[in-house]
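Take a look at the structure below. This report starts with a strand and its partners, then turns to the ligand and to some backbone details.

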Amino acid sequence: MSLSRHNGILNIEDCAVPALAEQFGTPLYVYSRAAIESAWRAYDQAFADRDHLICYAVKANGSLAILQLLARLGSGFDIVSGGELARVMEAGGDPGRVVFSGVGKTEAEIVQALDVGILAFNVESEAELERIAAIALRKGLEAPVSLRVNPDVDARTHPYISTGLKENKFGIDIHRAEAIYRQAAAMPGIRVTGLDFHIGSQLTELDPLADALSRSLSLVDRLGDTGIGLAHLDIGGGLGIRYEDEQPPTPADLAERLAPLLADRPQRLLMEPGRALVGEAGLLLTRVEYLKPGHRDFAIVDAAMTDLLRPALYDAWQRIENAEPVDAEPRLYDIVGPVCESADTLGRARSLALVPGALLAIHGAGAYGFVMASQYNARPRPAEVLVDGDRAHLIRERESLEALWSGERLLEMP
Ligand SMILES: *Cc1c(COP(=O)(O)O)cnc(C)c1O
């Protein structure tokens, strides 16, 4: 584990967290290189006995240095926008290992992806299939396509991060997919290469994934009977991490559970983990500005929903701890930011020993943390540091005030 305590002081790898806060300021995102790389390797090793490709879901954390680390390990990438594709390329990722998901791919994004030669489009509707075909034909290319089916299984996770039920906007109804595959196989400009699903995020059970896979495999069999062979199966991402006391399955559990279903299947296996690779590798550091006792005791900190949106957006619980010992009695505090919204709460009723200036570490902040940061209330976005042993690399500068209005124009006034 990359986190440890020495004399009460929190360390990430061989760096003392208070020293990082001192050097780089707060609020600050800090990531462990070792934690990211070992999470990726655990996935890779779990599926070592079959042809596979891990396509890291860039939306979980798209910082260039993190993409660079994963690209160097040989990772592929799952993207949901042209911006993410550009980031992957900028970080040295291989476009031939990129799959493109998302329900709203624009014309420009499809052109961009065809131009660099991605591995596959995960197509989410018939209209998108037709658009991709038309663009590919115009360019004299064949677009590699896998259909994202919606297997209609309940991922048994938070409704906001569940995506595999038929009422969700994602994917193509699995009962309609066979007909659309036949259509796709006959379309000029389209090369059918695979099948994909992604049923949700922060999964703590494997049954829904196994159900989705068996439903998909029956479809693969029916397609095979009609002469449509697939080169890959993409099982999406979604494995959970430990925020509180969850016991999420490991990649090895996943591989073991799926192995009997996949036996004798010649297809290359793709997967799209995001959170499970980076989530536990990151901390958000924040300092207490004020204590405000009253009906509820508030600790007002220098991080906000603009830096870490999950608690406000999903009512998510993330562990908050002192980064170093504080000489005070523990009390129950609501940890809140300075933003003018009641939703700007990072944690409720947390037992902590606090004084103004105390340094707090918010755990599980490596995924869906910085990527969701905004400048609301004209707050510059935080800096990011990657720790590697006893070295700390600044991988993103704290946003400057000038950056808050870069690209804006004043009116010309007479
Ligand atoms: C968000 C997403 C992922 C990654 O989900 P995690 O829960 O972070 O593993 C993978 N695939 C698709 C299509 C996604 O939208």
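## A strand and its partners

Two strands pair if DSSP finds at least two bridges between them. The model here is predicted. In it, strand 5 and strand 6 (residues 76–79) pair in the parallel sense, over 3 bridges. Cys55 has Gly76 of strand 6 as its bridge partner. Strand 5 also pairs with strand 13 (residues 268–271), in the parallel sense and over 3 bridges. There, His52 stands opposite Leu269 of strand 13.

His52, Ile54 and Tyr56 point one way. Leu53, Cys55 and Ala57 point the other way. Are these residues buried or exposed? All of them are buried.

A residue is buried when its relative accessible area is under 20%. In strand 5 (residues 52–57), 6 of the 6 residues are buried, so the strand is largely enclosed by the rest of the structure.

## Around the ligand

How many residues surround the ligand? There are 14, and the closest are Lys59, Ser201, Glu272, Arg275 and Tyr368. This shell divides into 3 nonpolar, 6 polar and 5 charged residues.

Some atom pairs can be picked out. A polar side-chain atom of Lys59 is 2.7 Å from an oxygen atom of the ligand. In the side chain of Asp78, an N or O atom lies 3.1 Å from a nitrogen atom of the ligand. Gly238 uses its backbone: an N or O atom there is 2.8 Å from an oxygen atom of the ligand. Taken alone, the ligand exposes 390 Å², and the protein buries 94% of that.

## Backbone details

Look next at Pro27. The peptide bond from Thr26 to Pro27 is cis, and its omega is near -5°. Pro27 sits in the loop between helix 1 (17–24) and strand 4 (28–32).

Which residues other than glycine have a positive phi? Among them are Ala349, with phi near 50°, and Asn377, with phi near 65°. Ala349 lies in strand 18 (residues 345–352). Asn377 is in the loop between strand 19 (359–362) and strand 20 (383–388). Ala349 counts as partly exposed because its relative accessibility is 39%. Asn377 counts as partly exposed too, at 34%.

Technical notes
Residues numbered from 1 in each chain as written. Predicted model: local features only at pLDDT ≥ 70, side-chain atom pairs only at ≥ 80, totals over all residues. Heavy atoms only, no water. Near = heavy atom within 4 Å. Polar contact = N/O pair within 3.5 Å; in protein donor to acceptor, adjacent residues only side chain to side chain. Areas by Shrake-Rupley, 256 points an atom, 1.4 Å probe, with all protein chains shown as cover. Nonpolar A, V, L, I, M, F, W, Y, C, P; charged D, E, K, R; others polar. Helix = DSSP H or I, 4+ residues; strand = E, 2+ residues; numbered from the N terminus. Buried < 20%, exposed > 50% of the residue type's maximum accessible area, 1.4 Å probe, protein only.
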